[in-house]
Amino acid sequence: MTAEGVPHACEPKRAGSFPQEDATIAGNQSCRGDMNHAAIKDILTYSFFSENWGHIRPPRPPKDSCGGLPLDGAMEAVAQEIAERLRPAPFVRIVTHIDTDGITGGAIASEALDRANISHEVAFVKKLDDAVITDLKRQGTPLVWFIDLGAGMLHALHGLDAVITDHHVPTEREVPKALRGDLVRFTESQDRVLMLNPHLEGEGSDVASGAGCAYAVAKAISPENIDLAAIAVVGAVGDVQDQEFRRLSGYNRTILADGIAAGVLEAHIDLRLYGRETRPAYKMLQYATDPWIPRLSGNEEACIAFLLELGIDLKVEDHWRSWSDLDHGEKQRVVSALVSHMLERGCGIKEVERLAGETYTLAREPAGSPTRDAKEFGTLMNACGRYDQPEVGYRVCRGDREESLAQALRLLRGHREYLMDSMETIEEAGITQMEAIQYFHAADRIRDTVVGIAASMVLNREGASKDLPIIAFAQAEDGIKVSARTTRELVARGLDLAAVMQAASMAVGGQGGGHHGAAGATIPPGTEEKFLEVANRVVREQLGRAGSHFTSRDGEARESGRA
Ligand code: C5P
Ligand code: ZN
């Protein structure tokens, strides 16, 4: 399915008046007019409402991974080793990342150590660099527990006693210069660092988050810690690990099974839109971006009318009914109507399918609360991290439903306002189109921690083309932060933004990487132009190889689609 030279063949969309939540890959609007709607609708509605609908039994353990050991067996074996290292430690310093799976991972680790009476402290860092490591070495901590980071700095950890629970790609452990003449000491220093990481088991980053890796260790410390699976699933969902397949996979499914067994989690096939617990149902539709619903997304009145026509009561007394307030029959009517609505407006089956997927509920949290739905809880944690208040999110994970929860909700509201302002900033700055990419420079007007989500939001608005990946620049403490985002459709056609960011940043003396559809980099100030040149060329090559062609080099007249 291609967009064939026009943004998309579905009817024109309106820009959402409200930020989408943390979708790192903008929804694509791939369309398909030649399908038999009745047949597709039957298939989709059947799969939503047949045996799949509703409560899901605990999932089966993950498939065998390399070496014949099941993935969870391999992860849990390393987790046991780490637990044995932690138990006798007189003091443990937890060093964790400020994003959702770092915050939730820190909370899981700290809770597990508390329960085992192991003295510890938690520190949050934006990134693990040489300065942080030097500081840790200087402090002489008996044991450091790195969470959601560490794998990328293995080469710099010699001399530290450390355990790592991380899901990022590990660096090679080089023999440090100082130890090159002394391989005995080097081997000893290797033994002082233990790592649990799905990459070591031949798996990718999405089978477990930083929180999930920390959870494996918590469970090894005591099997009673399986109630912490709920927070681990918040970490996974906050890290959008359920986004690609519309459900969690790999070791995450073991965590989910544990959580269901412990009575702290439920999994359901349901609408995957953000705000199932806390938003009025019509608002949940209005802010839908993955998938984008023609005519409804961004259009409050249309969403209200759509639900009223289906006979859904929007309000009970003073209470706006949320999606979770609707009964099964009402949900069924709405989903069925949404499927028809999207198909009739030319949306492809793949796009329509994205309406539904596995959703995760924290069974012990009150109905309608912002901590009941894993996606909403994860977004709350993201807001805390983005505005440098990871401790607030951490305290919510540790159980504070009073002051810290109120503060986290304030941060989330502030985040939404900030995103709206960011949209204006981008409008003022303007989006410049090149041949194969488009970009904007936010300078110091959008935080480096928010510019990525702002970039994915503008892809859904007027003024940006969906046919080109978007690259955003913002000032950061350590240089210029770059964030790149694109649609699933372009990824399917061969675009790999991680490789683009890597190549372009390397060309200007920076560093970059990430995922195919969402990637980032940090580059020296003043190198943006050169960076764009390289990025433009690499994107052109990637899509060219996959069959797209561009008619012009000046970026004006441009054609895309399969040759
Ligand atoms: O910061 P942003 O949300 O744009 O990052 C998207 C992805 O790019 C993340 O997965 C992150 O790990 C990766 N990234 C990277 N190097 C950077 C910045 C981001 O690999 N300097
Ligand atoms: Zn992570």
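Select Ser-483: this residue is buried, with a relative accessible area of 2% (buried means under 20% relative accessible area, exposed over 50%, partly exposed in between, with a 1.4 Å probe and protein chains only). The model is predicted, so local features need pLDDT of at least 70 and side-chain atom pairs count only at pLDDT 80 or more, while totals for chains, interfaces and linings use all residues. Residues are numbered from 1 along each chain as its sequence is written, chains are lettered from A and ligands numbered from 1 in the order in which they are written, and side-chain values use heavy atoms, with hydrogens and water left out.

Ser-483 belongs to strand 14 (residues 479–485); helices (H or I, at least four residues) and strands (E, at least two) are DSSP runs, numbered from the N terminus. Show its surroundings: leaving aside residues up to four places away in sequence, Ser-483 touches Val-451, Gly-452, Ile-470, Ile-471, Ala-472, Ala-519 and Gly-520 (contact means heavy atoms within 4.5 Å). Its side chain also makes a polar contact of 3.4 Å with that of Lys-481. A polar contact is a pair of N or O atoms within 3.5 Å; within protein, one must be able to donate a hydrogen and the other to accept it, and residues adjacent in sequence count only if both atoms are side-chain atoms.

Next, select strand 5 (residues 162–165). Ala-162 and Ile-164 on one side, and Val-163 and Thr-165 on the other, are all buried. Strand 5 pairs in the parallel sense over four bridges with strand 4 (residues 143–147), and likewise over four bridges with strand 6 (residues 193–196); two strands pair if DSSP finds at least two bridges between them. Centre on Val-163: Trp-145 stands opposite this residue, and so does Leu-194 in strand 6.

Asp-101 lies in helix 3 (residues 100–115) and Asp-148 in the loop between strand 4 and strand 5, so the pair ties together parts 47 residues apart in sequence. Both Asp-101 and Asp-148 are buried.

Finish at helix 6 (residues 210–221), where twelve of twelve residues are buried, including Tyr-215 and Lys-219. At its start, a side-chain oxygen of Ser-209 comes to within 3.1 Å of the backbone nitrogen of Ala-211.
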